[in-house]
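Please open the structure in your viewer and keep the sequence panel beside it. This tour moves from one selection to the next and says what is there each time.

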Amino acid sequence: MTQKQSSKNSQAPNYWRSLSELNGSSEFKEKFLHREFPVAASEFPEGVSRRRWMQLMGASLAMAGVAGCRYPEEVIAPFVIRPEGRVPGEFYERATNFELAGTVHNLIVRCFDGRPQHVEPNTTHPSSAGTNTYVQASILGLYDPDRSRGDDGPVLKRIGDARKQETTWEDFFTVGRAAIKKAASNNEGKGFALLTSPTESPTTVRMLAELQAKLPQATIASYNTIDGGVMRQATQQMLGTACEQSLDLSKAKVIFVLGADPLGNDPGSLLASRTFAEKRDPTTGEMSRLYVAEAGYSVTGTMADTRLAVRPSQMPAFLAEVGRGVDRLKAGESHDDHSHDELPFNHEDITATERQERFLDCLVHDIHAAGEQAVVIVGTGLGADAVAAGIELNKKLGSLGTIQTFTPCADRDLQTKSLAELVDAINAGDIETLMIAGNNPLVTAPGDVDVAAAIGKVKQTVYLGEYDDETAVLCNWSLPMSHPLESWSDCVNGQGYYGIGQPQILPLMGGRTLAEVIAFLIESEVTDPMLIVRKTADEIAGKSLKEREWRQLLHDGFSDALKGPAAISDVSGTAKELPSETPEVVAAKDIDENNFEVVFTVPDGLYDGRFANNGWLQELPQPITKLTWGNGALIGPATAAKLGIKHGYYITLRRGESKIELPVYEVPGIAPGVVTVSIGYGRTRAGMVGGMTDYSVDAVGIDVSPIRTTDSMSIAYSVEARPNYSEYEFATTQNHWAIDELGREETERRSYNLVREGTVELLNKVPTFANEQPKAPHVPKVGEYGSLQYEPIQEIEKDPAFDFAPQWGMAIDLSKCLAATPVWSLAKAKTTCRSSVRNKFATAVKCTGCVSTRTSKATPTTLKSSTSRWLVSTAKPHLANRFARSPRPSTPTKASTRWLTTGVSERVTVRTTAR
Amino acid sequence: MSLAIPNGLDNTVERPGERAPLVLGNTNYHDITESVCQVAERKPSAGWVGGFLVAFALLQMLGLLIVYLIYTGVGVWGNRAPIFWGWPIVNFVFWVGIGHAGTLISAILYLFRQEWRTSINRAAEAMTIFAVACAGTFPGIHVGRAWLAFWLAPYPSLNLWMWPQFRSPLLWDVFAVSTYGTVSLLFWYMGMVPDLATFRDRSKNKYRRMIYGLLCLGWSGSSRHWMRYEKAYAILAALAAPLVLSVHTIVSFDFAVSQVPGWHTTIFPPYFVAGAIFSGFAMVLTLMIPARSMLNLEKLITIRHLENMCKIILATGSLVGLAYGTEFFIAWYGQVPAEQFAFINRAFGPYWWAYWTMVSCNVISPQLFWFKKCRTTPWIIVVVCIFVNIGMWFERFVITITSLSRDYLPSAWAYFSPTWVDWGMLIGSFGLFFTLFLLFCRTLPVINMAEVKSSLAKQHHMAHAAAEHGEAEH
Amino acid sequence: MAYNRCIGTRYCANNCPVKVRRFNYFNYNAEVGVGYGVEAFPSAIEKANRKLQALVLNPEVTVRGRGVMEKCTYCVQRVEKAKIHARKEGRKIEDGDVITACQAACSTNAIDFGNISDEESVVAKKHADTRAYGMLEQLNIKPRTMYLARVRNPHPRLKTTQQIEDLATIEAHHGHGGHGEGDGHDEHAADAHGEAAHNDSAHSDEHHGEEQHAE
């Protein structure tokens with residue numbers, strides 16, 4: 001039916017030019033406005049899609065201020081342009097704060113005509129520091145059509161084996177309230193369990209606490225999908241309170257990073273990067289020194305001044321050795337001068353042991369010399385004991401509380417249990433009603449926890465999530481959770497600033513937040529989502545915020561008066577003794593195929609898999625490998641040679657009874673006998689982009705959780721590795737290893753000129769080193785204008801009449817750029833290592849490039865360099881992938897890199913995006 | 001393979017003081033008319049019908065692929081960054097090159113009074129037109145928005161308020177190829193007018209007579225007609241001759257004017273022209289040798305014709321070989337690192353197979369033509385010519401794709417792989433070519449009867465004179 | 001570039017030495033309502049998914065159809081907005097008037113953008129920095145985006161072969177000013193530089209060269 005006909009048939013115009021037009025129809029009001037959700041399809045004006053209709057409904061309800069609707073009329077204070085100055089068609093900006101993928105962000109959202117379109121950091125916020133991939137992509141997540149529950153209404157219910165019984169929130173609340181009442185009357189709620197994740201939202205914590213107050217025996221379980229909550233354990237042990245780490249590297253002179261990724265994927269990395277860069281200004285400012293010892297390659301590793309590959313099992317001993325070395329120096333041990341007649345650090349004649357000794361020696365001396373300006377950052381993957389030892393060492397050095405600070409978590413006082421304890425309780429038959437709030441535990445839980453079986457044992461299960469995912473499909477109820485851009489929320493960041501998350505649009509899919517759902521279930525007196533949050537804000541402020549204060553808080557996104565608890569720098573506990581032997585170095589020839597160590601990394605884009613349905617993020621090339629649409633087993637060339645396997649062939653990793661098979665991606669610089677793999681892939685019910693096996697959309701990548709266990713979610717030790725000769729073609733936006741000898745040599749030669757880098761010493765000796773030969777090719781400057789021939793444009797450029805016109809230019813400081821980082825690998829990778837690394841660097845430079853910023857055909861640019869236009873092209877990867885002729889993401893071929901994209905790059909098809 | 005030469009005379013042997021005959025046997029004017037007209041007049045042979053069906057099917061495939069392409073987007077090809085130009089441009093340049101022989105044979109050899117051109121010029125010209133048609137297909141569909149391809153034409157546009165970019169070699173290309181196509185078509189058609197009149201006169205069918213009658217523009221064979229015809233033909237030949245040189249020169253500018261290492265060379269114009277003549281002659285031979293035996297035209301298209309063309313192939317093939325060597329020398333001598341790498345990469349990089357296919361087909365295989373045996377044995381000629389055709393296609397592949405695949409920034413490097421659409425379109429373009437060629441064989445005079453007759457006249461005259469001379473000596 | 005005038009010959013992309021151009025090989029916007037053929041019929045555009053996805057489109061940035069080349073515009077929409085703003089206020093463009101999207105997103109503040117003809121602007125100063133270099137300047141592409149060379153700060157004992165070699169061999173030969181036609185030394189042969197062009201005092205250092213090229 002055409003639009004024309006439809007508007008004839010229905011009084012409500014299907015395109016509303018104004019709200020009054022939309023609201024003007026009495027039929028509309030009668031038929032739709034007084035119902036929360038239109039139920040029967042026949043009531044829809046024909047020609048308007050249901051979802052579109054819901055949006056219109058939502059908008060009209062809110063704006064018309066109809067009593068009884070969920071979102072009463074509420075004014076959101078715009079950030080920059082006040083309503084009276086608002087120009088239709090012009091964007092307006094609003095401050096917001098939300099927690100996304102484990103980190104709190106303080107943001108400005110740019111909206112057009114009521115649609116959030118772009119996210120930027122809130123630069124007036126004291127802790128603002130850029131945005132990351134997840135934040136940029138959150139806009140795409142908001143408009144993801146797969147987020148909805150199909151065409152069957154917003155709430156799904158299972159009856160028997162049939163799903164998709166169309167139902168409503170009210171139906172659920174009736175059932176849910178009954179369950180709560182029953183649980184409350186029966187042993188104080190013992191039969192009720194809620195599974196959630198750690199949160200920095202005081203409102204969520206408050207509502208969970210209210211739930212706990214109502215059902216004191218109920219199980220509230222919380223688990224961190226990435227590392228299982230190591231940082232909380234360590235801080236609980238050392239500081240007495242669960243805290244989150246925050247790094248101010250601008251105060252650091254020497255930074256030692258052990259198995260962590262503070263500039264990359266660790267929580268709080270944006271602020272750490274910003275402060276790190278403040279101390280990396282070789283021309284006018286100061287330069288800190290960054291030491292990194294890590295197993296695989298991280299972004300932090302690429303930024304290191306000196307990097308050493310260390311097996312994770314040796315890292316605690318390594319840390320202990322550093323501690324002992326510093327102690328020795330403190331005790332007055334003299335400084336040996338080794339600086340004469342040494343081979344270069346990456347010289348192939350140096351043994352791995354000598355290299356490690358020299359690294360440790362220099363590191364220890366530097367740390368000692370820097371004193372309280374030195375900091376040690378230990379990765380949570382190494383476990384709570386190692387992190388605690390790191391805290392202890394920083395305390396000793398004096399950098400705890402200045403460089404490394406710990407802010408108590410918002411949910412520090414909440415009594416929670418672990419996922420394993422919850423599963424035990426279920427297996428014991430204690431739980432009658434289980435509610436799971438997001439996180440898709442079926443996928444993100446460690447392999448040794450059988451979540452599916454546990455869900456099967458519970459009589460009544462409820463899932464609240466943004467997608468109808470793998471976990472949701474097993475539950476009796478699948479409820480839509482609202483997206484951070486469409487919900488009222490709040491959060492406390494690592495510096496203790498409290499911030500409100502304002503909805504920028506009404507929930508497109510009729511979702512609700514966890515706090516809201518709890519409020520409804522426990523029949524709290526306040527169920528309005530804004531008022532729930534506002535009540536928390538009042539509590540934090542210790543008084544009832546005046547309307548003016550509230551609006552100011554919304555407007556600014558923070559308030560100096562509203563802060564969480566202060567950072568803790570008193571160490572109350574002691575760290576467990578670290579191993580006393582010196583860290584062992586495994587030579588390439590001694591790699592034991594039965595003693596591999598597998599490091600589980602967080603992919604740049606998918607996080608724990610929750611963003612798998614975001615085509616733009618799938619398309620985003622991973623750092624180092626430039627891999628898109630899938631994961632691989634990253635191993636060093638020496639390790640691969642020892643195993644007798646090559647790039648592009650599968651490797652089987654077995655741990656106990658479980659095994660996984662992944663294609664090998666050779667990356668020089670990975671510690672011997674170590675494999676790094678990305679989590680979050682292999683989802684079977686992510687959506688039409690990230691994998692939906694029910695609809696023949698294959699999963700993207702391979703799920704590695706079978707060998708990931710509760711005791712160590714980040715690293716698996718003692719894994720058996722065996723070659724497996726099936727072949728695989730990676731969808732990378734760059735070939736590193738498929739490259740022929742000739743190309744490799746040329747790449748290395750050119751990269752030296754394309755990517756110019758030097759040392760502080762070189763800069764002091766030759767400040768213009770970047771423009772001297774052989775770094776710079778000789779460019780003859782001849783003729784009047786310094787170029788080879790006369791060009792009319794030069795006349796124009798010199799014409800004073802055009803002086804008023806700005807000449808736009810950009811400068812990119814590679815000393816600060818995290819994306820364009822060559823790595824001087826210290827592993828035994830010889831020149832190949834450098835070339836590959838430079839190759840990567842050259843790319844990055846290109847993409848952040850000359851006048852332009854792109855990656856490949858199908859890929860979006862690295863997030864860091866792309867944002868504003870991405871909104872448009874964002875849709876592309878997404879689409880590209882669904883495009884019938886496109887290769888399925890799960891079978892990545894060259895083609896998939898070709899035009900997915902990018903530039904979405906031509907396939908790196910994301911296509912492109914842009915600046 | 002021995003070929004019976006009807007009068008026992010090997011017309012490839014040079015006899016002092018004597019011109020080799022270009023028409024063999026006791027052929028008279030009527031025989032020529034008969035043997036040429038029978039091609040179109042007799043019932044189509046099974047071979048022709050089969051060939052036509054195959055070619056036509058391939059043409060349909062090309063059509064469908066073009067529809068698919070335009071509907072879907074040019075991403076259905078293997079092109080991708082940094083190889084923004086892939087097979088379509090390779091095919092375009094290949095076909096433009098093929099289109100060189102016809103007008104060269106017709107115009108330049110005409111101006112140089114090379115009589116041996118007469119038996120082959122018509123088919124070669126037809127081939128030119130068809131090859132240009134094939135070539136012309138590609139640029140039009142190659143652009144991202146094919147429905148706006150007409151924007152390449154300089155016309156005062158109210159939509160755009162602007163002209164095309166006159167500094168762009170792509171625009172020059174549009175001019176060069178369309179001019180060449182137009183002039184070649186006119187030249188071909190003009191030359192055909194007297195023969196079309198013959199066809200008209202021999203037509204027994206009313207419609208045929210009407211159509212040929214229209215086409216031959218009322219030719220009556222009067223002296224005045226002949227005089228005008230000769231003048232116009234000479235003028236057109238003079239016009240067409242520089243075009244032969246200009247069209248591929250300008251096509252080469254598409255590459256030479258750019259700054260892609262491996263493209264940015266001054267040798268391209270002569271090198272492209274030599275290569276084009278080379279491939280054009282090879283294609284003429286590839287088609288003419290089977291055609292002459294299938295259509296019983298051995299007396300008119302003699303071994304001498306074939307041998308002469310082989311000599312040209314040998315010469316141009318060696319020129320092309322020299323150009324390959326010169327490119328390397330200049331790359332080394334020029335000391336531009338990117339340029340040096342581009343050439344080393346061609347020969348020893350990932351596309352080494354394409355490069356060495358090209359060298360062996362284009363430079364090594366024609367060297368067989370130093371041997372007379374090879375120049376005069378049709379099957380050897382066909383084999384070598386097919387190699388040359390393959391080699392010349394690869395030459396364009398090597399130039400276009402290897403240069404683009406690795407230019408300045410290693411991070412942008414990639415390896416090209418064609419898709420099924422690429423293959424389909426290459427094969428489909430042959431379908432277009434052969435469909436047109438087979439239709440031509442059946443409907444138009446495949447040999448320039450009028451001119452062959454004139455050379456026969458000269459041959460008779462000379463034979464007569466020689467006989468007289470001999471008598472006198474005796 | 002003018003997107004609506006582009007017909008997609010892709011010649012510019014072939015010629016782009018830094019390969020920053022990207023081509024829309026397909027219609028990547030089909031699902032957001034930019035269709036061709038039957039996809040463009042209202043019924044197809046009315047699909048629910050399209051409706052929803054169309055909301056993501058940023059009206060400040062045009063949606064490129066298929067067959068069109070595109071590249072970074074330095075956020076031309078922000079540039080234009082800033083220009084209008086400055087003109088309304090009767091002043092010249094100043095630093096901070098235009099924050100490009102990449103600049104805003106960059107957590108390390110590595111990117112600066114502005115008016116290079118204003119010598120006081122941050123970006124002009126950065127362009128004048130001793131570390132500033134342009135990519136592929138030898139092609140006379142006169143890039144507007146300059147890079148500031150990366151500087152690392154390794155412990156002196158932890159320097160790599162290359163770092164040691166660079167320190168030993170690189171000399172301040174000539175200033176920024178360039179030199180006349182008379183300057184004849186080997187022009188582009190970067191690989192030949194080691195010995196030929198720098199056969200001066202620095203070369204006494206033994207470290208360089210051999211190990212470097214050993215592999």
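What you are looking at is a predicted model, in which local features need pLDDT of at least 70 and side-chain atom pairs count only at pLDDT 80 or more, while totals for chains, interfaces and linings use all residues. Residues are numbered from 1 along each chain as its sequence is written, and chains are lettered from A and ligands numbered from 1 in the order in which they are written.

Taken along the principal axes, the C-alpha atoms of chain B fill a box of roughly 80 × 50 × 40 Å. Of the 474 residues in chain B, 50% are buried, a residue being buried if 20 or more other C-beta atoms, placed from the backbone, lie within 10 Å of its own.

**Where chain C touches chain B**

Next, show chain C together with chain B, and find the 29 residues of chain C that are in contact with 29 residues of chain B, contact meaning that the C-beta atoms of two residues, placed from the backbone, lie within 7 Å. Which elements give two or more residues to this side of chain C? They are helix H1 (11–15) and strand S1 (22–23) of chain C, and the largest share, four residues, comes from H1(C).

**Confidence in chain C**

Chain C averages a pLDDT of 76, and 73% of the residues score at least 70. Select residues 176–215 of chain C, where the pLDDT is below 50, although this stretch has 59 contacts in the model beyond near neighbours in sequence. Where pLDDT is low, the predicted coordinates should not be read in detail.

**Chain A**

Finally, select chain A, whose secondary structure comes to 27 helices and 30 strands, and of whose 915 residues 63% count as buried. Colour domain 3 (588–727) and domain 4 (737–799), two of the domains into which chain A is divided, with bounds that come from an automatic or database domain assignment; the C-alpha centres of domain 3 and domain 4 of chain A lie 39 Å apart.

Technical notes
pLDDT is the predictor's confidence in each residue, from 0 to 100. A residue is buried if 20 or more other C-beta atoms lie within 10 Å of its own, exposed if 12 or fewer, and partly exposed in between; C-beta atoms are placed from the backbone.
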